[in-house]
Amino acid sequence: MARKKKVQDASVLHGHHVVSGPELRATFDAAAKDADDTARVRRRVLHGIVLVLLIGLIAAGIITALAIINGRFTIPAAEPAEETVTACPAGTFDYTPHEQVSLNVYNSTSRAGLARSVADEFLARKFAVAAVSNVESGYRGVAAVISGAAGQSAAFTVQRNLPGSDYFQDGRTDGSVDVILSRDYSALQPPDLVDQTPGKLSCPRENRRDTDAEPWPVMPTAASAR
């Protein structure tokens, strides 16, 4: 009798299991399900974090609002910018005749004889020169022109003859004017080029000069002329 052939298992090849289509699909379906589950868990965690933060912000806002209402917390108001304050007289002045200007000339430099030579030039222009002396000053510039309120028009006239000078007002009550010559002084304005039309006093510009800490550069004291 002929021997009956053994039926070969199609799922086994050379001793190894052959993965079938349904098994392969099942494997991928399981992996996809696991990935979906992981993503779902991550979304839930993220949503939970966002919700907690949102609740915290709302609670903080409510607490802050209650503190403001009860006066326990105040919001600082914006302060207005400080207005620039200037001591420079704002008026327009007429040119004063030279013989009406009482002038004191001081030298704060190391240049010998400067006060005397400049005073002589003012005298030649008919200014009424009184004191001529040297003085110590922290002012740095061309020249400081100083007067009280009564001498502002006279100081304006002096400045027109002394280009580049800076005006300072002090508390004197007479109409006298002091000129303090400093390191940048070079010369008076030539007489024929002096502008005699009305105008304003020229006050210091902080970006181009230094002064003492005091409001005025110096209070002149008697000393030997130079």
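This is a predicted model: local features need pLDDT of at least 70, side-chain atom pairs count only at pLDDT 80 or more; totals for chains, interfaces and linings use all residues.
I took a disulfide to be a pair of cysteine sulfur atoms within 2.5 Å.

I numbered residues from 1 along each chain as its sequence is written, and I used heavy atoms for side-chain values, with hydrogens and water left out.

**Entry 1, disulfide.** I found one disulfide in the structure. It joins C88 and C203, with the sulfur atoms 2.0 Å apart. I then placed the two cysteines: C88 is in the loop between α1 and β3 (102-107), and C203 is in the segment after β7 (177-181). The pair is 115 residues apart and links distant parts of the chain. Helices (H or I, at least four residues) and strands (E, at least two) are DSSP runs, numbered from the N terminus. I looked up the S-S torsion of C88 and C203; it is about 80°, so the disulfide is right-handed. C203 counts as buried, at 16% relative accessibility. Here buried means under 20% relative accessible area, exposed over 50%, and partly exposed in between (1.4 Å probe, protein chains only).

My criterion was a side-chain nitrogen of Lys or Arg within 4 Å of a carboxyl oxygen of Asp or Glu. The structure holds four salt bridges. One of them pairs D195 with R160, and the closest N and O atoms are 3.4 Å apart. D195 lies in the segment after β7 and R160 in helix α3 (residues 152-161), so this pair ties together parts 35 residues apart in sequence. I noted D195 as partly exposed, with a relative accessible area of 36%, and R160 as buried at 19%.

I next looked at R172. Its side chain meets that of D170 in a salt bridge at 2.7 Å, N to O, and that of D178 in a salt bridge at 2.7 Å, N to O. I recorded D170, R172 and D178 as linked in a network of salt bridges. D170 is buried at 10% relative accessibility, and D178 is buried at 4%.

I looked up a nonpolar surface patch of about 510 Å², made by L54, I58, I62, L66 and I69. Patches take residues with over 30% relative accessible area and no salt bridge; like charges are joined within 9 Å, nonpolar side chains (Val, Leu, Ile, Met, Phe, Trp, Tyr) within 5 Å. Accessible areas come from the Shrake-Rupley method with a 1.4 Å probe, and for residues only the protein chains shown count as cover. I69 lies in helix α1 (residues 21-69) and is exposed, with a relative accessible area of 66%.
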